[in-house]
Amino acid sequence: MLDVQNLCKSFKKKPFLTELTFQVAAGECLVLLGRNGAGKTLLLNILATLVEPTSGTVSIDGVDAFANLKQVRPSIGYIPVAFEGYPELSVVDYLNFFAAAYKLEKRGRTDAIDAVLELMDIQHLREVKIGVLSTGERQRLLFAKTFLYEPQLWLLDEPLTPLDPSGQVEMIALFSELQAMGKTVVIATNRLDDVHRLGSTDAHDKNYVGILSDGQFSVFKTFRELREENTEADAAETPSPEGLSKLLAKDPHSD
């Protein structure tokens, strides 16, 4: 579904991403890991068609994204780490605004909005203004808004960070549901605990971990491969945060 070939991005001739090539199929998830400044958010912005690469291609369902922006953008759902704007709008007015922008039929908008409010467990915030929502509530609203048009490619930047512990558990279950629906999911994080939890079940064995370092992937493997290579006491477990930390230190030029 997502096919990236020889992707490079430079600013003022300084390379930030170099020759990235990878594929993530429908129903699969890629977890991007790396230190601050490693290029995770930049890569998400390119995949979301918000930043044009210096060279290389991004294809979605076989369609060159940057050559066909109008065609591919409706299939992309991008949830950034920060929520900005619309402080005076109520939650329901915000969702109505985007339902109209997404050209949902008027007759079905109310039902669609009710459904996403229930899905994200924010029905009680229906009439509350966005400006007074907590960070976690705003994150749930972003997911609700994105569910309105059911994109095929979900790009999530630090999706667990704003949430309380129970919300994080619910969100991880939601990621699995997205995959079960055949969606392609790309999650960026710099939290080792997040990666450990995202790969802690057999259902995620075929999903990928991509560790960015110096603009390249120092590691790009499935969770299953990481488990098989795990030299810790229990090799059936996804590498612990400590084990992932060792992978973060891996030289991308060492292989």
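**Entry 1: the open sheet**

I started with Gln-5 and found that its bridge partner in S4 is Thr-57. This is a predicted model, so I am reading computed geometry throughout. Stepping back from that pair, I saw that strand S1 (residues 2–11) and strand S4 (residues 55–60) are joined by five bridges in the antiparallel sense. Both belong to an open sheet of four strands, ordered S2-S1-S4-S5, with antiparallel pairing. Which strands stand at the edges? I noted strand S2 (14–24) and strand S5 (63–64); each has a single partner strand, so one side of each has no neighbour in the sheet.

**Entry 2: Leu-42 and its helix**

Next I looked up Leu-42, which sits in helix H1 (residues 40–47). Is Leu-42 buried or exposed? I found a relative accessible area of 15%, and because the cut-off for buried is under 20%, Leu-42 counts as buried. Setting aside neighbours within four places in sequence, I listed its contacts as Lys-9, Phe-11, Phe-16, Leu-17 and Val-51. Leu-17 is 25 residues away along the chain, yet I get 8.5 Å between the two C-alpha atoms.

The rest of H1 is mostly covered too, with seven of its eight residues buried. My list of the buried ones reads Lys-40, Leu-42, Leu-43, Leu-44, Asn-45, Ile-46 and Leu-47. Just after the helix, I marked Thr-49 for a positive phi of about 65°.

I then turned to strand S9 (residues 208–213), where six of the six residues are buried. Which residues point which way from S9? Tyr-208, Gly-210 and Leu-212 go one way, and Val-209, Ile-211 and Ser-213 go the other; all are buried.

S9 pairs with strand S3 (residues 29–33) in parallel, through four bridges. I picked out Val-31, which stands opposite Val-209 in S9. With strand S10 (residues 216–222), S9 pairs in the antiparallel sense over six bridges. S9 and S10 make a hairpin with two residues between them, and in the turn I noted Asp-214 with a positive phi of about 55°.

**Entry 3: the nonpolar cores**

How many residues does the largest nonpolar core have? I read 45, and the residues with the most contacts inside this core are Leu-95, Leu-141 and Phe-143. Helix H3 (residues 91–101) contributes the most to this core, giving six residues. A second, separate core has 31 residues, including Leu-17 and Tyr-208.

Not counting residues up to four places away in sequence, I have it touching Ile-79, Met-120, Trp-154, Leu-156, Pro-159, Met-171, Leu-174 and Phe-175.

**Entry 4: the largest pocket**

Last, I checked the open space. The largest pocket holds about 290 Å³. I counted 16 lining residues, and those closest to the centre are Leu-50, Ile-76, Tyr-78, Lys-145 and Tyr-149. Which elements give two or more residues to the lining? I wrote down strand S6 (76–79) and helix H5 (135–147). By type, the lining splits into ten nonpolar, three polar and three charged residues.

Note on methods:
Residues are numbered from 1 along each chain as its sequence is written. This is a predicted model: local features need pLDDT of at least 70, side-chain atom pairs count only at pLDDT 80 or more; totals for chains, interfaces and linings use all residues. Side-chain values use heavy atoms; hydrogens and water are left out. Buried means under 20% relative accessible area, exposed over 50%, partly exposed in between (1.4 Å probe, protein chains only). Contact means heavy atoms within 4.5 Å. On a 1 Å grid over the protein atoms alone, a cavity is a set of points where a 1.4 Å probe fits but cannot get out, and a pocket is an open set with protein on both sides within 12 Å along at least five of seven lines; lining residues have an atom within 4 Å of a point. Grid points are joined across faces, edges and corners, and a volume is the space filled by probe spheres set on the points. Ala, Val, Leu, Ile, Met, Phe, Trp, Tyr, Cys and Pro count as nonpolar, Asp, Glu, Lys and Arg as charged, and the others, Gly among them, as polar. Two strands pair if DSSP finds at least two bridges between them. A nonpolar core is a set of buried Ala, Val, Leu, Ile, Met, Phe, Trp, Tyr and Cys residues joined through side-chain atoms within 4.5 Å.
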